[in-house]
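Morning, everyone. Please put the structure up on the screen, and I'll walk you through it.

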Amino acid sequence: MILQEETFQAWRQGNILSLVTFDVQGAYNGVNKDILRQRLQGMGIYGCFLQWIYSFCSNRKAQISFGNFNSAMAAIDEPGLPQGSLLSPILYVVYNSNLLWGAITPTYRDMGFVDNYTAWVIGPNLNENTSRLQEEFIPRITEWEKSSGATFEVQKTQFIHFGRNCANAQPWKLLYMNDRLIYPIGTAKMRQCTALEAAIYER
């Protein structure tokens, strides 16, 4: 709903909302317990509770069972956060929280939903919007990717312009991240704005 209202507000003011969204590959499995501990400490969490969480992410083993067959128990080198645990979603939000510490302004916002991260800018020109995303957003998210040991899924990266006359605004500028180009697309499926799919490139 936030993104939907932001888009309609931009249109009422004659502007374009340009958005880029990423999905973190592996999500829970990709959580590094040492980085998680550092981020918990940065939030003022120490002592027994911190040690308990670190233990929760350590020394786990797995076994494969199929019919009457049971494999040998094997240690998991980098177990991340266990799927299905009630604690895992909370810890994952903590792990990704500094990704959302950027400044929020009337023309720049971002938000996260579990392993999905979205940022957008608002302006009168889609190529100016693209330049702002490239200069203000891409460096921050690539730095977070490196510092977190995370990888964003290439196939789920989406770059969209929401505007009434975007279809006639070619040639478009492209985003550049990690040695690859990100092209604007005409349709997309997103958790935050499924109601807006039909409005993309509306005239």
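First, a caution. This is a predicted model.

Let's start with charge pairs. Side chains of opposite charge can pair when their charged atoms come close. How many salt bridges does the structure hold? Four. I'll take three of them in turn.

Glu6 pairs with Arg109, and their closest N and O atoms are 3.2 Å apart. Look at where they sit. Glu6 is in helix α1, residues 2–12, while Arg109 is in strand β6, residues 108–113, so this bridge ties together parts that are 103 residues apart in sequence. Glu6 is buried, at 17% relative accessibility. Arg109 is partly exposed, at 25%.

Next, Asp34 and Arg37. Their closest N and O atoms are 3.5 Å apart. Asp34 is partly exposed at 32%, and Arg37 is partly exposed at 31%.

Then Arg132 and Glu136. Here the closest N and O atoms are 3.3 Å apart. The two are four residues apart in helix α5, residues 126–148, so about one helical turn separates them. Arg132 is partly exposed at 22%. Glu136 is also partly exposed, at 39%.

Now a helix contact. Find α3, residues 47–56, and α4, residues 87–96. Their axes come within 12 Å and cross at roughly 105°. That makes α3 roughly perpendicular to α4. Which residues make the contact? On α3, they are Trp52, Ile53 and Phe56; on α4, Leu87, Ser88 and Leu91. By type, that is five nonpolar, one polar and no charged.

On to cysteines. A disulfide is a covalent bond between the sulfur atoms of two cysteines. The count in this model is zero. Is Cys48 buried or exposed? Exposed, at 65% relative accessibility. Cys57 is buried, at 2%.

Ala119 lies in strand β7, residues 116–123. Ala119 is buried, with a relative accessible area of 0%. Beyond its sequence neighbours within four places, its contacts include Ser18, Tyr108, Arg109 and Phe137. Phe159 is 40 residues along the chain from Ala119, and their C-alpha atoms are 9.9 Å apart.

Ser71 is in the loop between β4 and β5. Ser71 counts as buried, at 18%. Setting aside neighbours within four places in sequence, Ser71 touches Gln63 and Ile64.

Definitions and conventions: Residues numbered from 1 in each chain as written. Predicted model: local features only at pLDDT ≥ 70, side-chain atom pairs only at ≥ 80, totals over all residues. Heavy atoms only, no water. Axes fitted to C-alpha atoms, helices over the stretch in contact; angles between N-to-C directions. Parallel < 35°, antiparallel > 145°, perpendicular 65-115°, else oblique. Contact = heavy atoms within 4.5 Å. Nonpolar A, V, L, I, M, F, W, Y, C, P; charged D, E, K, R; others polar. Disulfide = S-S within 2.5 Å. Buried < 20%, exposed > 50% of the residue type's maximum accessible area, 1.4 Å probe, protein only. Salt bridge = Lys/Arg side-chain N within 4 Å of Asp/Glu carboxyl O.
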